Amino acid sequence: MTRKTEHLFSLMSTSSEEYLNHVDLALNLDLLNGCNHRCQGCFVRTHKAPEGWDKLIDRALNVAQDFTRRGVRLREVFLGPTDLLTASNTLECLNHPNFQKLLSLSTETRLKVAAIFADGKTKEFLEIFKSLDQAGSYPPGLMIEFLIPIDPVTILSAPESYIAKHLEVFDFFEFQTSKQIEWCFVININTSQTLRTKLVEIVQLVKERLRTVVEFNPGFFRLEKSDSVKARLGEWRDFLERLIIEHPDLPLNLTNMNPQHGASNTIALNFTPRGVYLSPFIYEQIFDFHESLLLEDLSAPAVVNRHMELQEKGFQYATSTENCDDCLMLASCAGRNVLNFMSTNAIKSCIFPKQFRREGGHFR
Ligand code: SF4
């Protein structure tokens, strides 16, 4: 057993109230409805019935208030799942008093969103910032992180215009809003041959001309069909393994590489119209509707208890697998619910590139 694993076991032997001193809270809110884009590799059902989405905000606020009054940091609120600029209810959501209250609970909370700026600074963009910057709506220094899905065809066919539109937006972020904004590009390589073959070119273009990074966010967990997810997970692992070998200097920006990220120290919850679920971290926070992750009691101690129970189950499953039991990433994977995902999907061998487990998440 590694030192990290021992530390985790010692935490697990504490009460849920004590455990609360060691965790952050992250909330993924599936509230946005509709999207004008058809990004390759996107598996989001873009047009969901919007009924009741505002009730999810109220639930999320109650949960966040319960955790934060016990001293837990609300680290992140992800407003998704669709494009902020073209979803039909973005402004309703941003102007909702309880959504504003949620983002005002702590000065450390970061709002995360996905948005496509290939059309530049549009009317919708300006309206969104009018809402965000309106006095009394959100904290002036609110941190916002924009994830920008890459359209590989557009970026490669008209790079100058693509770059100019984005630089105009980034200039706005830096000089024309009181919010603290960060941004990066994201790709989902699964269905795009252009991305597979031109990836290195795109990553370099983004780094040199757009001065930011590309993150790899496999979205296929939204498929919900176990066999399809498993097949794509294997393809993704093989693809990354080849990439790491063939391009050892390419910055991959895989948050999976940081063993502390999204592990036992994070309770991530998915608020969806189907219920509230704990969110496993597999390359990113994923949506998994397995009943073991569904939460009926949303009080902080009950949620923490379930979080602890699931980790224990994860450790127990390690002995049934081919690679996990003596892996340097075991504590991370148990904390991230990776092993429970493997167990419920009857997976025995490691789902990640072999370089991850060999180096315990520190290979770059
Ligand atoms: S073998 Fe793979 S899945 Fe298992 S603990 Fe290690 S990295 Fe995680």
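Biologist: Which elements make a right-handed β-α-β unit?

Modeller: A crossover is right-handed if, with the strands pointing away from the viewer, the path from the first strand over the helix to the second runs clockwise. Here β3, helix α6 (residues 123-133) and β4 make such a unit. Helices (H or I, at least four residues) and strands (E, at least two) are DSSP runs, numbered from the N terminus. This is a predicted model, in which local features need pLDDT of at least 70, side-chain atom pairs count only at pLDDT 80 or more, and totals for chains, interfaces and linings use all residues. Residues are numbered from 1 along each chain as its sequence is written.

Biologist: In which sense do β3 and strand β4 pair?

Modeller: Two strands pair if DSSP finds at least two bridges between them. β3 and β4 (residues 143-149) are parallel, with five bridges, and A114 is opposite L147 in β4. Strand β2 (residues 73-80) also pairs with β3 (residues 110-114) in the parallel sense, over four bridges; E76 faces R110 in β3.

Biologist: Which residues does L79 touch?

Modeller: Contact requires C-beta atoms, placed from the backbone, within 7 Å. Leaving aside residues up to four places away in sequence, L79 touches L29, L31, L32, C93, L111 and V113.

Biologist: Which residues are around the ligand?

Modeller: A residue is near a molecule if its C-beta atom, placed from the backbone, lies within 6 Å of it. The residues around this ligand include N323, C324, C327 and R357. Helices α12 (330-335) and α14 (354-359) each give two or more residues to the shell.

Technical notes: Contact = placed C-beta atoms within 7 Å.
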